[in-house]
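Dear colleague,

My notes on what was found in it follow, and I would be glad if you read them with the coordinates open.

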Amino acid sequence: IGEWASKLSSYYSGVAMSFRPAIALRDSIQAMMMAPKVGFGTAFKALKDVYGKGLDDAWWARAAEDLGMPQGINMPIFADQPDVFIKTPLGRSVKKLQEAGNLPRRWVDKQNRFAVYRGGERSILDNAPKLLSKQMTWEEFLWETGLKGSFKTDQDKIHSMLMGVEQPNIEGAAREYGKTLSKDVNFVYD
């Protein structure tokens with residue numbers, strides 16, 4: 001009974017969230033949660049990159065891979081576990097209804113993740129040249145990029161990619177911080 005109640009509750013909440021534009025609208029501002037870390041200027045540039053036409057297909061594929069996103073818009077919100085309910089005609093209909101109704105929300109959620117990832121990238125790409133040319137110290141770099149609020153292990157990873165190496169890996173550090181910022185700012189489904 002508990003298992004059935006849990007499944008029915010999950011399906012009901014999925015359908016209740018479906019076809020509600022207010023949820024997609026509410027979620028659309030989540031990308032701005034990166035602004036306190038990377039700054040409003042970088043956040044707006046990242047949003048412009050993602051919602052504009054400044055990024056090529058290779059960037060989108062790479063970002064999706066870095067973020068562990070499935071290809072396409074249908075990001076699963078609920079785990080698809082084989083159960084009796086989904087195998088019934090009613091269960092399949094409910095599942096299709098959920099998927100159709102959640103498309104706008106899923107699209108917004110996916111774009112938010114891309115925007116936050118891009119914000120992390122831009123933060124490193126904009127500030128790493130200043131760090132490497134000694135126009136700013138490591139401590140200033142941490143504050144400017146928003147890394148100051150991240151875990152020490154994340155800071156050390158970026159540091160090892162940029163400092164004390166013959167050939168700094170700015171692009172790799174930017175990708176790494178994009179992933180880190182996305183984990184820090186976005187809701188984690190797993």
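**Helix 9 against helix 10**

In this predicted model, Trp138, Phe141 and Leu142 of helix 9 are in contact with Gln155, Ile158, His159 and Leu162 of helix 10. Taken together, the residues of this contact comprise five nonpolar and two polar ones, with no charged residue among them. As to geometry, the axes of helix 9, which covers residues 138-145, and of helix 10, which covers residues 152-162, come within 12 Å and cross at roughly 120 degrees. The range counted as roughly perpendicular runs from 65 to 115 degrees, and the two helices are therefore classed as oblique to each other; the crossing of helix 9 and helix 10 is right-handed.

**Lysine 134**

In the loop between helix 8 (103-132) and helix 9 you will find lysine 134, which has a positive phi of about 65 degrees although it is not a glycine. Most residues other than glycine have a negative phi. Lysine 134 has a relative accessible area of 72%, and it is exposed because the cut-off for that class is over 50%.

**Arginine 122**

Leaving aside residues up to four places away in sequence, arginine 122 touches Thr42, Lys45, Ala46 and Asp49.

Conventions. Residues numbered from 1 in each chain as written. Predicted model: local features only at pLDDT ≥ 70, side-chain atom pairs only at ≥ 80, totals over all residues. Heavy atoms only, no water. Axes fitted to C-alpha atoms, helices over the stretch in contact; angles between N-to-C directions. Helix = DSSP H or I, 4+ residues; strand = E, 2+ residues; numbered from the N terminus. Parallel < 35°, antiparallel > 145°, perpendicular 65-115°, else oblique. Left-handed = near helix turned anticlockwise from the far one by under 90°. Contact = heavy atoms within 4.5 Å. Nonpolar A, V, L, I, M, F, W, Y, C, P; charged D, E, K, R; others polar. Buried < 20%, exposed > 50% of the residue type's maximum accessible area, 1.4 Å probe, protein only.
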